[in-house]
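User: I have a model open and want to go through the contacts in it. Can you start with a salt bridge and take it from there?

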Amino acid sequence: MKKLFTALVLTLLATATMAQHHGHGGYYRHNGSYHRHNSGNNWAAPLIIGGTLGYVLTRPAPVYVEPTPVYVQPQPYMVQPQCTRYIYQDQYGQTIREEIRCN
C-alpha cells in the first residue's frame with residue numbers, strides 16, 4: 001500500500017510538472033507572424049522521475065536470515081579419586097600387609 005501511494009504521488013507530481021510546461025512548446029505569435037519556440041530537453045525530468053520510481057517499485061524486499069543456534073554439549077567433569085596407601089608393619093618394621101583405599 002505504501003508503494004502504491006508513493007507511485008500515485010510521484011505520478012501526480014510528474015503530470016503536474018509536465019502540464020505546467022505545456023504552453024511553452026509549439027508556436028507563438030509575435031508581430032503578426034508565427035514563430036516556433038523550441039523548449040529543448042523536456043524529457044530529462046520525467047526520465048529521472050520515472051527511473052527512480054521504477055527502481056523503488058521493482059527493488060526486492062530485504063531478506064533477513066536468522067543464524068541457526070549452535071549448541072555445545074558440556075564435557076562431563078571427572079573427579080579424580082583420592083587414594084591412600086596403608087602399610088601395616090609388625091613391631092620390627094617388616095611389612096605385613098599393604099592396602100590402597102580410594103574415595
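Analyst: Glu98 and Arg85 form a salt bridge, with 2.8 Å between the closest N and O atoms. A salt bridge here is a side-chain nitrogen of Lys or Arg within 4 Å of a carboxyl oxygen of Asp or Glu. Glu98 sits in strand S4 and Arg85 in strand S3, so the pair ties together parts that are 13 residues apart in sequence.

User: Before going on, what kind of model is this, and how is it numbered?

Analyst: This is a predicted model, in which local features need pLDDT of at least 70 and side-chain atom pairs count only at pLDDT 80 or more, while totals for chains, interfaces and linings use all residues. Residues are numbered from 1 along each chain as its sequence is written, and side-chain values use heavy atoms, with hydrogens and water left out.

User: What is the average pLDDT of the protein chain?

Analyst: The average is 78, and 72% of the residues score at least 70. pLDDT is the predictor's confidence in each residue, from 0 to 100.

User: Which elements does the chain have, and in what order do they run?

Analyst: There are 2 helices and 4 strands, and from the N terminus they run α-β-β-α-β-β. Helices (H or I, at least four residues) and strands (E, at least two) are DSSP runs, numbered from the N terminus.

User: How many salt bridges in total?

Analyst: The count is 3. Glu99 meets Arg97 at 3.3 Å, N to O, and Glu99 also meets Arg101 at 2.8 Å. These shared partners join Arg97, Glu99 and Arg101 into one network. Arg97 is partly exposed at 44%, and Arg101 is partly exposed at 42%.

User: How do S3 and S4 pair?

Analyst: Strand S3 (residues 83-89) and strand S4 (residues 95-102) are antiparallel, with 7 bridges between them. Strands count as paired if DSSP finds at least two bridges between them. Thr84 stands opposite Arg101 in S4. The hairpin has 5 residues between the strands, and Gly93 there takes a positive phi near 90 degrees.

User: Which cysteines form a disulfide?

Analyst: Cys83 and Cys102 do, with their sulfur atoms 2.0 Å apart. The cut-off for a disulfide is a pair of cysteine sulfur atoms within 2.5 Å. Cys83 lies in S3 and Cys102 in S4, so the link ties together parts 19 residues apart in sequence.

User: What handedness does that link have?

Analyst: The link of Cys83 and Cys102 is right-handed, with 100 degrees about the S-S bond. Cys83 is partly exposed at 44% relative accessible area, and Cys102 is also partly exposed at 44%.

User: Switching topic: which residues make the nonpolar surface patch?

Analyst: Phe5, Val9 and Leu13 make a patch of about 300 Å². Patches are made of residues with over 30% relative accessible area and no salt bridge, where like charges are joined within 9 Å and nonpolar side chains (Val, Leu, Ile, Met, Phe, Trp, Tyr) within 5 Å. Accessible areas come from the Shrake-Rupley method with a 1.4 Å probe, and for residues only the protein chains shown count as cover.

User: Where does Phe5 lie?

Analyst: Phe5 lies in helix H1 (residues 2-20), and Phe5 is exposed, at 56% relative accessible area.

Notes:
Buried means under 20% relative accessible area, exposed over 50%, partly exposed in between (1.4 Å probe, protein chains only).
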